[in-house]
Number of protein chains: 2
Amino acid sequence: MQNFVFHNTTKILFGRNTVAAIGPETAALGSRALLVYGRKSIKENGVYDEVVSSLQAAGLEVTDHGGVCSNPLLSHVRAGIEKAKKNNIDVIVAAGGGSVIDSAKAISAGTLVDHDVWKFFTGKKSIKKSLPLTTVLTLAAAGSEMNSGMVITNDDTREKFGFGNQRLYPKMSILNPEVTFSVPPDYTAYGAVDAISHVLEFYMTTDDPATPVQDRLMEGLIENAMDSCERCLDNPEDYNARADLMWTATLALNGLTAAGLGRVGFPMHMIEHSLSALYDIPHGAGLSIIMPGWLKWFSATNPARIARLAQRIFPTMDSEGYTDEEVAERAISILRNWFSRIDSPTSLQEIDVPGSDIAKIAENAVALAKIWRLKEYSRERIEEILRHCI
Amino acid sequence: MQNFVFHNTTKILFGRNTVAAIGPETAALGSRALLVYGRKSIKENGVYDEVVSSLQAAGLEVTDHGGVCSNPLLSHVRAGIEKAKKNNIDVIVAAGGGSVIDSAKAISAGTLVDHDVWKFFTGKKSIKKSLPLTTVLTLAAAGSEMNSGMVITNDDTREKFGFGNQRLYPKMSILNPEVTFSVPPDYTAYGAVDAISHVLEFYMTTDDPATPVQDRLMEGLIENAMDSCERCLDNPEDYNARADLMWTATLALNGLTAAGLGRVGFPMHMIEHSLSALYDIPHGAGLSIIMPGWLKWFSATNPARIARLAQRIFPTMDSEGYTDEEVAERAISILRNWFSRIDSPTSLQEIDVPGSDIAKIAENAVALAKIWRLKEYSRERIEEILRHCI
């Protein structure tokens with residue numbers, strides 16, 4: 001096991017009837033709130049009204065900043081920062097999924113500096129302080145509600161960049177599974193795919209495979225993401241299924257899985273970010289295309305790691321007498337078929353991206369590879385991986 | 001899944017060469033430290049010197065409070081509080097295992113009140129504030145380094161009571177597995193037993209069995225506690241084995257496993273506390289006596305839960321065609337044999353406690369059952385369980 005620091009300060013309020021706590025919890029941190037949210041869904045399912053009422057009842061002045069889209073945009077973050085500065089905002093409230101929370105994090109850091117917020121993303125400036133942030137989660141997927149990371153797309157340059165900073169942990173996040181009853185099947189599936197990918201990235205890219213405690217944790221999370229996703233699709237109002245998926249997605253990227261793994265990478269996300277930046281597809285849909293291709297490419301060098309995972313998460317799969325390569329190949333195919341079964345795409349073709357675009361996608365991805373210090377990911381290598389995704 | 005609040009604020013520094021961070025980390029919290037520790041082991045293995053040097057180099061005034069014993073005593077806590085008040089201590093440093101850290105927690109809360117600290121344990125007063133606490137862990141066992149609980153024995157009344165409070169989370173804990181290389185085989189084993197029991201208590205007593213995310217986490221922790229303990233005993237200086245056991249023991253009782261389980265009890269600890277309070281045996285040794293007996297008693301009402309655990313953590317165990325009762329019985333016997341193999345006692349007889357003492361032990365345990373709100377544990381029931389432990 002490698003040395004690590006673990007310090008996750010986010011308070012989680014999990015369960016039924018928890019949304020109304022947003023007011024008192026936020027009032028303990030500030031008095032003028034910027035409420036960041038997405039589009040129509042939280043107005044339709046009543047969450048918006050409940051959040052605003054609770055904030056106002058707790059004595060907060062609320063400034064509205066709705067309209068965050070998936071693959072959230074820098075221009076919208078900049079507008080939020082301007083609004084926050086103008087209104088002397090002292091606390092940020094995010095009500096939404098990962099895109100909304102990430103936007104809120106960027107606003108929380110960007111409001112306290114004079115320079116453009118994008119400089120944080122390109123590594124030209126580092127975050128020294130941020131406004132406190134509370135959240136009401138509405139989608140089980142990104143894990144942003146309990147971690148220190150954020151991903152924003154620069155709409156001018158079509159770069160989708162992300163990074164983490166200790167000051168970006170939300171102070172408090174409310175996770176009410178009932179809020180996700182109305183998430184449609186496609187986004188339920190994309191959320192599960194996202195959670196699986198977060199675990200898989202670390203599981204596969206660790207430079208220290210001697211971490212059985214983390215392995216068991218990660219294997220359990222992948223199993224639970226798949227299992228609970230199926231139950232959510234079967235019955236969207238199955239409370240326990242929604243709860244399992246929600247808590248799985250949170251634990252999948254809250255720092256615990258990576259603790260002790262040493263250097264880990266996010267190569268599948270790195271490539272996917274180019275896909276969703278260039279074609280504006282949902283992040284999860286991009287990941288279910290990239291994951292099997294990346295694993296296929298990875299199995300040429302480390303089939304044993306994929307085989308180990310397969311033996312743990314697909315216990316009925318018979319691996320006796322087969323080589324690691326054979327087990328890995330079958331495991332990748334089981335995973336790809338599962339993505340298809342939950343209606344998440346598994347090829348570029350399915351999202352109408354021709355093979356001739358591979359060079360363009362790779363070029364975009366290489367820029368992020370540099371920033372994320374994935375230097376071993378040359379344009380050639382990314383193209384090779386993408387050819388497994390056609 | 002039941003509603004829960006999770007808010008664990010402890011910062012963990014894990015790995016090699018981390019002990020020297022105690023000075024700077026503590027200096028950020030105060031300037032006059034009370035250093036709480038045990039007996040000779042930390043002076044022999046160099047940890048004491050390293051901690052004191054680091055604290056002094058960081059500019060802290062250090063007041064010594066050594067001599068904590070296992071099953072730590074209220075009298076020693078009271079002496080620490082007196083010393084802390086007299087020296088205007090503003091930060092507590094614990095260097096040791098669970099007993100030391102628990103004592104330090106009690107001192108951190110007791111120093112800031114005028115009444116006797118025992119009133120917190122009997123529920124007559126509640127903790128509103130505490131001095132900040134940093135720790136250097138020297139034993140993988142109790143989990144106190146990353147939780148809000150503490151257990152102290154009242155040497156006047158022979159009551160061993162414990163409870164938790166959000167203000168008792170250490171601010172920062174240093175976990176260096178190398179520090180545990182010198183832990184002898186018996187205490188290595190007792191530590192693993194303790195970690196296993198922490199997981200098992202919640203796994204068995206949850207009133208909501210529909211928590212697959214937590215189940216997987218707990219099953220993985222039990223497996224890793226057993227596996228890493230064996231590796232530590234085979235080679236006490238196996239870094240990864242020590243690291244796995246240390247991180248497992250921390251995760252076994254840091255709030256994660258219980259999140260969503262609803263009401264859980266600590267009945268095995270409740271009974272064990274009487275054993276170690278009355279006979280001053282190591283806590284882990286008491287637990288390996290109580291656990292199989294408690295499980296045997298529990299299997300009469302809920303064999304399915306034990307069978308499920310067995311199928312997950314003993315995958316080579318053939319359960320096909322057997323009833324849950326049969327699987328549970330074999331699982332309990334595997335666990336009991338494993339305790340014997342690591343030289344932890346599995347019967348009252350082995351620690352020279354006659355069956356005629358059962359009434360006395362049960363009487364002591366009933367007092368704690370009331371405080372811990374385990375009202376279903378009557379004296380008769382405790383005696384019945386203890387008869388399975390003879």
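An open sheet of 7 strands runs in the order S4(A)-S3(A)-S5(A)-S6(A)-S9(A)-S2(A)-S1(B), with mixed pairing. Strand S4 (61-65) of chain A and strand S1 (4-6) of chain B stand at the edges with a single partner strand each, so one side of each is left without a neighbour in the sheet. From one strand to the next, the twist averages 15 degrees. The model is predicted: local features need pLDDT of at least 70, side-chain atom pairs count only at pLDDT 80 or more, and totals for chains, interfaces and linings use all residues. Residues are numbered from 1 along each chain as its sequence is written, while chains are lettered from A and ligands numbered from 1 in the order in which they are written.

- Strands (E, at least two residues) and helices (H or I, at least four) are DSSP runs, numbered from the N terminus; two strands pair if DSSP finds at least two bridges between them.
- Strand S3 (residues 32-37) of chain A pairs with strand S5 (residues 91-96) of chain A in the parallel sense, over 5 bridges.
- Val36(A) has Ala94(A) as its bridge partner in S5(A).
- Helix H4 (residues 74-86) of chain A lies across S3 and S4 of chain A and runs at about 165 degrees to S3(A).
- Angles run from 0 to 180 degrees between N-to-C directions, and axes are lines fitted to C-alpha atoms, for helices over the stretch in contact; contact requires C-beta atoms, placed from the backbone, within 7 Å.

**Hairpin, chain B**
- Strand S7 (residues 149-154) of chain B has 5 of its 6 residues buried, so it is largely enclosed by the rest of the structure.
- A residue is buried if 20 or more other C-beta atoms, placed from the backbone, lie within 10 Å of its own.
- S7(B) pairs with strand S8 (residues 159-164) of chain B in the antiparallel sense over 6 bridges, and Lys160(B) in S8(B) is the bridge partner of Thr153(B).
- The hairpin has 4 residues between the strands, and Arg158(B) takes a positive phi near 60 degrees.

**Helices**
- Helix H7 (residues 185-205) of chain A is mostly covered, with 18 of its 21 residues buried.
- At 1.5 Å a residue, H7(A) should span 30 Å, which agrees with its end C-alpha atoms being 30 Å apart; the expected span is 1.5 Å times one less than the number of residues.
- Helix H8 (residues 212-234) of chain B packs with helix H9 (residues 239-251) of chain B at an angle of about 145 degrees, their axes 8 Å apart.
- Residues making this contact include Leu221(B) of H8(B) and Leu245(B) of H9(B).

Notes:
Two residues are in contact if their C-beta atoms, placed from the backbone, lie within 7 Å. A residue is buried if 20 or more other C-beta atoms lie within 10 Å of its own, exposed if 12 or fewer, and partly exposed in between; C-beta atoms are placed from the backbone.
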